[in-house]
Amino acid sequence: MIDATAFYDPVLPWSGRAEELRKQKAGVALVSELGRNYDTYHEELSRRLVALGRPRPEDYKTIQPYLEAWAKVQAVVRAEDLLRLARDVAAGRGPLQPSERPPLVDQDDRLMHVEVAEKLSKAELATETSP
Amino acid sequence: MKPLDPTHDVEAREAARGLLHTYAPRLAGLAHQALSSVVRWEWAHRESEWEGPDPVRRQVYPSLPEPRGDAGRRYGFDAGGVLRVAESVERAADGDWIPWCRSIWVWDEGVGSLELYSLIEEDGAVQRLRRVALPDVSGGRMVGLATCFDDGRSWIQRFEYDASGQVIRRFEFWDPAPAYQGPRARYDYAYDDAGLVLEEMVALDAHGDELPEREVTFRRALPDAVRAAQRRVASELPSRVRAWAERAGAQADSYCVILGYDVVNHALPPTLALGRRSDRPSGGFERDDEIWSGPDFATFAVDPEEFASDAVFMDLSLFFPAPNSVNSALFDNFEDQLIEARNRGLVIILTLWKYPPWMNGLANTSSGGYQQGSKSAAQRLPDDVSTTSVWASMILCLLTAYSTGSTTPRKAGAAIDVLEICNEPNGMCWPQSTSSGIRTAGCQVGQMMQTALIISSWFGNQATAIAGPGATDVRYGSANGLDDANPALVTHTDVVVFAQDVVASFTSAGFVPGTRAVFTTHNHHDIAGQHLNVAVVREQALRGHWAGWPYANVNDPHIWITEGGVTPSMLAAVGIAPPDYQFARSLLIAAAWGRLDNNSTAQTTQGGAGVDLFTHYLFETDPGYDCGLVSSSATGPRVAQPSYYTWKSL
């Protein structure tokens, strides 16, 4: 069981059909749409994150635009987290505990595709547990 | 010694039973009479509430201020100093104290007293009389106590004393006992020179003969854990003495190192002082083996002020009562403290806790959910902790005001060095999980730390360090604290699991903590239980994942302990009884330090590697939280406790 209202937050950068469903507050349909079309929405979020880049203080004259830029980055990362949750729901899986979840962002500040992240997590786990 | 008189005890029991019934209808009048006679109220200390004043003696009960919280226990005395009323109270919305249970004492001069215990309805009416206790007083000492409950149970206890006034024997008479009205159990007491009490219970059969069943209790015995701590401290003493002498800078006129053992309890870790001839008082004491009191010679003179307030707590619900509004009086006072601390050269850690409704989202909640179990609305973690959230605006406000790199400080000289963004979020805060048991609090706190680090980075090279999570060091094994009503709901999160979740939120977001991110935890339970869970946090949660202060190296993560110390309730949980509080506290603090001190000769493991800060909460005891090194100024002169000297000698 998940809280569909988390997906309604207007700061989340949904697009296309998902954005329409969000405006309608059609929670079940929204989660279903996101879960069944992970690749599409992941690509859109990835493009947004690349466009935003990592905000740096030296690029801003005052702090408010700096913080607003960071809030957009945080919203994209949060959206990817929810997108993966919707994918799990669509596949009939329950949500994972925080420390079990594959990473969302790589070392180059790019969103990771969930399947790539899962492989990376398994490889790291194997390294940590090997004698 | 009063001889046992079964007839008398039967009469006493019947008297108590009769009083239970005859006084019940008159209870309201008696309560009114007792309450009217009260001329002063005294508050019980939360930690010692069970003790309370002795109802059979006129006495001066220690004066404590009203508790800050929403519950307490108070005692009412009449003009003659006699206890008349005891009440458990709760604070109403308007600030008044409302009693929910009350005992009153009706005194029958020369015979004894009657204790009437009753529950109070919300409107102040007496619900019913629950218990009557009829003490039998002789020579100012209680020699018997007949107790009757409204469910029909009753029993009598009789006490025998030796010439010094110590109880040497106690008999218990049970009810019902239709055939035999004599005692059914006897307790014999023995004391050693150190005050250790041995209580041996002997069960008696229906004829008064002894049964094989026996039970021995050491009332003040030290548990094995404390004995182990005592041995550890003793084994470390030589290295401590050498280290102390080196730190004191022993010079030519130094002629002794003084071990200041406690005159009452020689098992306490001694305070250490360096004796110098130039420090000697004039006249007398010319020989080196004539030593005056240790503190008079101490190079490190006892000065309780020296440790004052280097960690400051800020209750956000009081400082920021409304959006875009601050409590100026509180801020002014707080900033004066910051300036004073900085003038003393102290490094300041500001710890934030509690959240007003406008900050944590509850102000926008339309239905329920204003508290979880015993956790209040102000303990709810904010929903939105992004960089443009109202919570972030508060962080920005504080960092703008108090960063050493700020160009617009609120008050010159009022600056902090470290901002710890929350306090024990794995225990105090809610929610810890979703209703289906997926943990959320660790990730939320990790996100809060990231947002605070982003804001702090605006201040450049003089950015304030951001610390967290300041978790309470409770272990729940593989599981977490769960709610009885909803077994899936997590109410408290294991300190290691919580640390892993905080770290996971950084790793998942690709956010490198950096050298200004300080990982913090508390070690109250490590001290009381003689664990080293702080090392477990470092190894199982941080190593390989946390690139924070001071080297940003995942293979060498460091950790600060921002709270420590033990309360009587923590000591009680490990089996240490009240008379040994201060003694045990001293030993356990020293032992905890020993477990972290990698230079100690007694230390066989590197338990303290990477632990860069060891603190004690509090310096001065709070009347509502007995964890201080110095007694509370609210209850009288500030007096350094044995644990203070232990702390000082570390």
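What covers the buried residues of helix 1 of chain A? A few friendly notes follow, with that one picked up in point 2.

1. Please keep in mind that this is a predicted model, where local features need pLDDT of at least 70, side-chain atom pairs count only at pLDDT 80 or more, and totals for chains, interfaces and linings use all residues. Residues are numbered from 1 along each chain as its sequence is written, while chains are lettered from A in the order in which they are written.

2. The cover includes helix 2 (27-36) and helix 3 (38-52) of chain A. Helices here are DSSP runs (H or I, at least four residues), numbered from the N terminus. In helix 1 (residues 16-24) of chain A, the buried residues are A:Ala18, A:Leu21 and A:Arg22; buried means that 20 or more other C-beta atoms, placed from the backbone, lie within 10 Å of the residue's own, and exposed means 12 or fewer. Seen down the axis of helix 1 of chain A, the buried residues fall within an arc of 105° (taken from the directions from the helix axis to the C-beta atoms), so they line one face of the helix. A:Gly16, A:Lys23 and A:Gln24 are exposed on the other side.

3. Just after helix 1 of chain A, A:Lys25 has a positive phi of about 55°.

4. Chain A and chain B each bring 21 residues to their contact (C-beta atoms, placed from the backbone, within 7 Å). On the chain B side, helix 9 (441-457) and helix 10 (495-508) each supply at least two residues, and helix 10 of chain B gives the most, with six residues.

Note on methods: Contact = placed C-beta atoms within 7 Å.
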